[in-house]
Amino acid sequence: MEMHHFARRTAGFTAVTATAALLLATGCGNDDDKDKNSAVSMTTTSAAAHGEEHMSGAAEETKIATQGGDITVSGIIFDKYVQSGGPTGPLGAPLKSQEDAPDDGKWQDFTGGAIVWSKDSGAHIVWGEVRKAWEDNGGPSGKIGYPTSDEKDIPGGKESDFVGGTITWVDGNTTVTPKS
């Protein structure tokens, strides 16, 4: 009987601790960050509960409260967002709602980068100098096309693979290498 009572107390403590951690992670911000469109709160729901399916059946979504109002992140982009740390991760808060991209793709901008999805290449993060070069080359509509990998570390810099080639950033220089 004592073990059962202990387990209940432990479960209650764990739930309170997890809730507090979530509130701290998503609800508290430094007043100095207000100009950075920081996330104030994150409310996750099941899109299936609303009768919705997003991008290949992913069924989660979240609303992020920003200074510009609530912005929804959903579907596979939501999954990738959560994997990267959500609003407290390097992507930060969303800047606007998901947008359509060529060939039934989707993308969403965040303060730290973008998540880009297509049915053929999946969801990947594009940011920094690699993103600038990718957008300068037409983004998903250009010759380089959709990303097929997240950015990875290489000696002296970063690299991302795309359907039509590779973009590297090494020692401050960006190189776009189309596939032959």
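1. In this predicted model, the charged end of Arg131 is placed over the ring of Trp107, at 5.9 Å from the ring centre. Trp107 also belongs to an aromatic cluster, which it forms with Trp134 and Phe162.

2. The count of aromatic pairs comes to three. One of them is stacked: Tyr81 and Phe110 have ring centres 4.6 Å apart and planes at 20°, and since planes under 30 degrees apart count as stacked, the pair is classed so. Because Tyr81 lies in helix 2 and Phe110 in strand 5 (residues 105-110), this pair ties together parts that are 29 residues apart in sequence. Both partners, Tyr81 and Phe110, are buried.

3. Helix 2 spans residues 75-83, and its buried residues are Gly75, Ile76, Ile77, Phe78, Lys80 and Tyr81. After helix 2 comes Gly85, with a positive phi near 110°.

4. Strand 5 and strand 6 (residues 113-118) run antiparallel and are joined by five bridges. Gln108 has Ile115 of strand 6 as its bridge partner. The two strands form a hairpin, with two residues between them.

5. Strand 6 also pairs with strand 7 (residues 122-126), again in the antiparallel sense and over five bridges. Here Ser118 has Gly122 of strand 7 as its bridge partner.

6. How many of the six residues of strand 6 are buried? Six of the six are, and the strand is mostly covered. Side chains in a regular strand alternate between the two faces of the sheet. In strand 6, Gly113, Ile115 and Trp117 point one way, whereas Ala114, Val116 and Ser118 point the other way, and all are buried.

7. Two aspartates call for a check of backbone geometry. Asp104 has a positive phi, near 65°, in a residue other than glycine. Asp104 is located in the loop between strand 4 (99-101) and strand 5. Its relative accessibility is 63%, and because exposed means over 50%, Asp104 counts as exposed.

8. Asp171, likewise not a glycine, has a positive phi of about 50°. The loop between strand 10 (165-170) and strand 11 (173-178) holds Asp171. With a relative accessibility of 63%, Asp171 counts as exposed.

Key. Residues are numbered from 1 along each chain as its sequence is written. This is a predicted model: local features need pLDDT of at least 70, side-chain atom pairs count only at pLDDT 80 or more; totals for chains, interfaces and linings use all residues. Side-chain values use heavy atoms; hydrogens and water are left out. Buried means under 20% relative accessible area, exposed over 50%, partly exposed in between (1.4 Å probe, protein chains only). Helices (H or I, at least four residues) and strands (E, at least two) are DSSP runs, numbered from the N terminus. Rings of Phe, Tyr and Trp (its six-membered ring) pair if their centres lie within 6.5 Å; planes under 30 degrees apart count as stacked, over 60 as edge-to-face and the rest as tilted. A charge sits over a ring if NZ of Lys or CZ of Arg is within 6 Å of the ring centre and within 35 degrees of the ring normal. Two strands pair if DSSP finds at least two bridges between them.
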